[in-house]
Amino acid sequence: MSRASAETVTLAPAPAAEPELAAALLHATDPHVFGFLHEHDEARWRGHLGHQWLQPRGIFSHRLATAALHEGRLVGIELGFDRARQQAELVPFVTQAQAWLDP
């Protein structure tokens, strides 16, 4: 595996893959908030955010992300959307969160 650099990293629509890495990247954007929301339980936030990443809808879905890929592997993500998209994806996110987080 070569070292990741501007010459070896490509940008592409994010695949529904590598949920554990995607969860860690999402969590890293605000570990204090995600920690609080998941009761500071690492397995809980990793599982939940990874699950959300794989979903076709929701604010943390891979569908809304651009992937930074190095040798075909996910090394970073950009996740962004406008207010209208956020509002449209919020209900699926909350529904999925309740189903995953509630016993």
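**Exercise 1.** Determine how helix 1 and helix 3 pack in this predicted model, and which residues make the contact.

Solution. Step 1: helices (H or I, at least four residues) and strands (E, at least two) are DSSP runs, numbered from the N terminus. Helix 1 covers 19-28 and helix 3 covers 42-54.

Step 2: the two helices pack at an angle of about 110°, and their axes are 8 Å apart. Axes are lines fitted to C-alpha atoms, for helices over the stretch in contact, and angles run from 0 to 180 degrees between N-to-C directions.

Step 3: angles under 35 degrees count as roughly parallel, over 145 as roughly antiparallel, 65 to 115 as roughly perpendicular and the rest as oblique. Helix 1 and helix 3 are therefore roughly perpendicular to each other.

Step 4: contact means heavy atoms within 4.5 Å. Helix 1 contributes Pro-19, Glu-20, Ala-22, Ala-23, Ala-24, Leu-26 and His-27, and helix 3 contributes Trp-45, Arg-46, Leu-49, Gly-50, Trp-53 and Leu-54.

Step 5: these contact residues divide into nine nonpolar, two polar and two charged. Here Ala, Val, Leu, Ile, Met, Phe, Trp, Tyr, Cys and Pro count as nonpolar, Asp, Glu, Lys and Arg as charged, and the others, Gly among them, as polar.

As to the basis of the values, the model is predicted: local features need pLDDT of at least 70, side-chain atom pairs count only at pLDDT 80 or more, and totals for chains, interfaces and linings use all residues. Residues are numbered from 1 along each chain as its sequence is written, and side-chain values use heavy atoms, with hydrogens and water left out.

**Exercise 2.** Find the buried residues of helix 1 and state how they are arranged about its axis.

Solution. Step 1: buried means under 20% relative accessible area, exposed over 50%, partly exposed in between (1.4 Å probe, protein chains only). The buried residues of helix 1 are Ala-22, Ala-23, Leu-26 and His-27.

Step 2: viewed down the helix axis, these residues fall within an arc of 135°, so they line one face of helix 1. The arc is that of the directions from the helix axis to the C-beta atoms.

Step 3: Glu-20 and Ala-28 are exposed on the other side of helix 1. The cover over the buried residues includes helix 2, helix 3 and strand 3 (73-79).

**Exercise 3.** Describe the two aromatic pairs of the structure.

Solution. Step 1: rings of Phe, Tyr and Trp (its six-membered ring) pair if their centres lie within 6.5 Å; planes under 30 degrees apart count as stacked, over 60 as edge-to-face and the rest as tilted.

Step 2: Phe-34 and Phe-60 are edge-to-face, at 5.7 Å centre to centre with 65° between the planes. Phe-34 lies in helix 2 and Phe-60 in the loop between helix 3 and strand 2 (65-70), 26 residues apart. Phe-34 is buried at 9% relative accessibility, and Phe-60 is buried at 14%.

Step 3: the rings of Phe-60 and Phe-93 have centres 5.4 Å apart and planes at 85°, so this pair is edge-to-face. Phe-93 belongs to helix 4 (residues 83-101), 33 residues from Phe-60.

Step 4: Phe-34, Phe-60 and Phe-93 form one aromatic cluster.

**Exercise 4.** Locate Glu-18 and Glu-39, and give the phi of each.

Solution. Step 1: Glu-18 sits in the loop between strand 1 (9-13) and helix 1, with a positive phi of about 50°. Glu-18 is partly exposed, at 24% relative accessible area.

Step 2: Glu-39 sits in the loop between helix 2 (31-37) and helix 3, and its phi is near 55°. Glu-39 is exposed, at 59% relative accessibility.
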